[in-house]
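Subject: Structure handover

Hello,

Here is the structure you will be working with. Please open it next to this email and follow along as you read.

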Amino acid sequence: MTDYENAIEINGLTKKYDGFTLDNVTFSVPKGSIMGFIGQNGAGKTTTIKAILNIIDRDGGTVKMLGMDSVENEIEIKENIAVVFDELPMHDVFNIKNVNKIMRDIYRNWDEKVYFGYVERFGLPLKKKIGQFSKGMKMKLQIAVALSHNARLLVMDEATTGLDPVVRSEILDIFLEYLQDENNSILMSSHITSDLEKIADSVTFIDNGKILLTGYKDDILSSHGLLKCTAEQYENAEKSDFVSVRVSDFGVSAMCSDMKNMKRKYPDFIADRTTLEEIMLYYVNRDRGEWF
Amino acid sequence: MRKGLVYREIFLNKKKYITGIVIYFSLIFVGVLIRMSMNFGNLAKIDEEIFKILDKYICYIFTMITPAVLVLSLMGRHNITASDYKTGWQKFSHTFPISAVENSLYITAMSVCGFIIALVLSMINLFMFFAICGQKVNTFVVKAVILITCSFGMMIVFEDILVYIFKKVTTAQIVAGIFVVSADVIVTLLLAKSMKDYMKKVGHTAEEINEDINLVNDMTNYIISVAKKTFDICVAVMPLIMVVAFVVFYLFVRRVFRRREK
């Protein structure tokens, strides 16, 4: 079960909808790492995750999870993965104990001690109905459920969206703890790039159903950068050197994907480090070239 | 079968089960009270002819209502299905290491168990009421109880399938209602046809029949004989249709769990 290089391997994943196509999506999540899956709303993150989990039919491509084909070995894979959605998918009438009774027969490796351990750690009330829980408590419960059956892979779809910074930070710590076991991996889809900047080892950018960038976070952050200049300086620059350019009253900011060479090519420009959020913003606007 | 999922099903249907059982025992209680009043109370003083009719009707009413009440409360998961879609459980269940066959098996098994329990309790109720009334159980009532249980059972299975299709209880109930009304229309048309057949047979017009009480009685007997024949056919066929309904339900649910979202 642990003899694989990548926790997830997606090759040429395609799904066509009326007005949207998930186009030839290819990326891998290395074992023992956490990958941030970034994109704006409607970019195709949830569709990709649903296709990986076989919740939707795919029109093409292959998906390997934990070294196994995701269709042929679906049941075995699902025994060893955990999925966290943006909303707790449980009825409001249940309490923590009811959830334990339901889940312990669903997963072979369900560990009550671990589950109640997380419940205690998160300070969740045992007898209170889920309907009376706050959003943060519901998410904590979902994470407790996800981490209580010895899953080797955690797939999260916008799990931290809508949570306050304190709860988010608490949850991110849990994920880092989970990754202490080098056989565990996480795929975390989010549009809150600051969270991923904190904990992700690698990131994949998706926009309009296409993968724009995928790789180690540090490599992406070091290869990308912002060059700031005046409008006149920009007029003389080669436009194809930049991903996209933001024009404002104060000057021009250009995102480039080869910062090392660009610094040499444009020594008069001011070079700035960038963030995942800025990279996402400039890539999303790449078709516009110059934007305001 | 996963005990956890069965536990979840029972937990979510708990209120419905309790309501059904409470109504069931209330019916028995009310029936026994009326019967006691007929033996020892004020109702014992009424006219002998009326007493006989009342005695018969009480037996019939109480034994015919019970199967409907029991089936409606012990079978069916339309509320669970709709809220499974609403809460995201349906999507979540696709991430479980459970096959479509296993998922659909437990859902169908719950429905079958509900139906069997409803039928058994209805039969117990039937024999009990007839014993209290001091009457002999005839095959007609037994057949009627089977027919009512199966009819309501089929309606519930049909509604459950509709909720899987529309994902909303109200829409499913509207569609089911349209089907029930259509069935009523068909029965009315059949009744009208048998009246027309009778008129053809005796060579009288409707006005002539209305004026002659003997012809009215004769026509009523004719329609009853046609209804009895249809009733016998229905009773023979209904349990088979019920089995087919459960098989269709199982295959449908399996398809729902196998088929991915579009």
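A residue is called buried when its relative accessible area is under 20%, exposed when that area is over 50%, and partly exposed in between. By that rule Ser73(B), at 6% relative accessibility, counts as buried. Please keep in mind throughout that this is a predicted model.

Chain B

Ser73(B) belongs to helix H2 of chain B, which covers residues 48–74. Leaving aside residues up to four places away in sequence, Ser73(B) touches Lys16(B), Tyr17(B) and Gly20(B).

How many helices and strands does chain B have? The count is nine helices and zero strands, and along the sequence the pattern reads α-α-α-α-α-α-α-α-α. The C-alpha trace of chain B spans about 70 × 50 × 30 Å along its principal axes. Chain B has 262 residues, of which 43% count as buried. Among contacts in chain B with a separation of 6 or more, 79% are between residues 24 or more positions apart. Chain B exposes about 14,400 Å², and 71% of that is supplied by carbon and sulfur atoms.

Part of the surface of chain B is a nonpolar patch of about 550 Å², made by Phe29(B), Val30(B), Leu33(B), Met36(B) and Phe40(B). Phe29(B) sits in helix H1, residues 3–40 of chain B. With 54% relative accessibility, Phe29(B) counts as exposed.

Helix H7 of chain B runs over residues 169–202. Its 34 residues should span 50 Å at 1.5 Å a residue, and the end C-alpha atoms are 49 Å apart, which agrees. Which residues of H7(B) are buried? They are Val169(B), Ala172(B), Val175(B), Ala176(B), Ser194(B) and Tyr198(B). Their cover includes helix H3 (78–87), helix H6 (139–166), helix H8 (206–211) and helix H9 (213–258) of chain B. Just after H7(B) comes Gly203(B), which takes a positive phi of about 70°.

Chain A: strands

Strand S3 of chain A, residues 34–38, has five of its five residues buried, so the strand is largely enclosed by the rest of the structure. Which way do these residues point? Ile34(A), Gly36(A) and Ile38(A) point one way from S3(A), while Met35(A) and Phe37(A) point the other way.

S3(A) is joined to two other strands described here. Five bridges connect S3(A) with strand S8 (residues 185–190) of chain A, and the two run parallel. Four bridges connect S3(A) with strand S9 (residues 202–207) of chain A, again with a parallel run. Ile38(A) has a partner in each: its bridge partner in S8(A) is Ser190(A), and in S9(A) it stands opposite Phe205(A).

Elsewhere in chain A, five strands form an open sheet in the order S14-S11-S13-S12-S15, with mixed pairing. The edge strands are S14 (270–272) and S15 (290–291) of chain A, each of which pairs on one side only. Strands of a sheet pair through backbone hydrogen bonds, either parallel or antiparallel. Strand S11 (residues 225–229) of chain A is joined to S14(A) by three bridges, and these two run antiparallel. Within that pair, Leu226(A) stands opposite Asp272(A) of S14(A).

Thr230(A) is in the loop between S11 and helix H9 (231–236) of chain A. Its relative accessible area is 37%, so Thr230(A) is partly exposed. Thr230(A) and Asn80(A) are 150 residues apart along the chain, and their C-alpha atoms are separated by 54 Å.

Chain A: helix H5

Helix H5 of chain A, residues 135–146, has 12 residues and reaches 16 Å from its first C-alpha to its last, close to the 16 Å expected at 1.5 Å a residue. Nine of the 12 residues of H5(A) are buried, so this helix is largely enclosed by the rest of the structure. Among them are Gly136(A), Met139(A), Lys140(A) and Leu141(A). What do the buried residues of H5(A) pack against? They pack against strand S6 (81–84), helix H3 (96–103), helix H4 (112–122), strand S7 (153–157) and helix H6 (165–178) of chain A.

Regards

Technical notes
Residues are numbered from 1 along each chain as its sequence is written. Chains are lettered from A and ligands numbered from 1 in the order in which they are written. This is a predicted model: local features need pLDDT of at least 70, side-chain atom pairs count only at pLDDT 80 or more; totals for chains, interfaces and linings use all residues. Side-chain values use heavy atoms; hydrogens and water are left out. Two strands pair if DSSP finds at least two bridges between them. Buried means under 20% relative accessible area, exposed over 50%, partly exposed in between (1.4 Å probe, protein chains only). The expected span of a helix is 1.5 Å times one less than its number of residues. Contact means heavy atoms within 4.5 Å. Patches are made of residues with over 30% relative accessible area and no salt bridge: like charges are joined within 9 Å, nonpolar side chains (Val, Leu, Ile, Met, Phe, Trp, Tyr) within 5 Å. Accessible areas come from the Shrake-Rupley method with a 1.4 Å probe; for residues, only the protein chains shown count as cover. A salt bridge is a side-chain nitrogen of Lys or Arg within 4 Å of a carboxyl oxygen of Asp or Glu.
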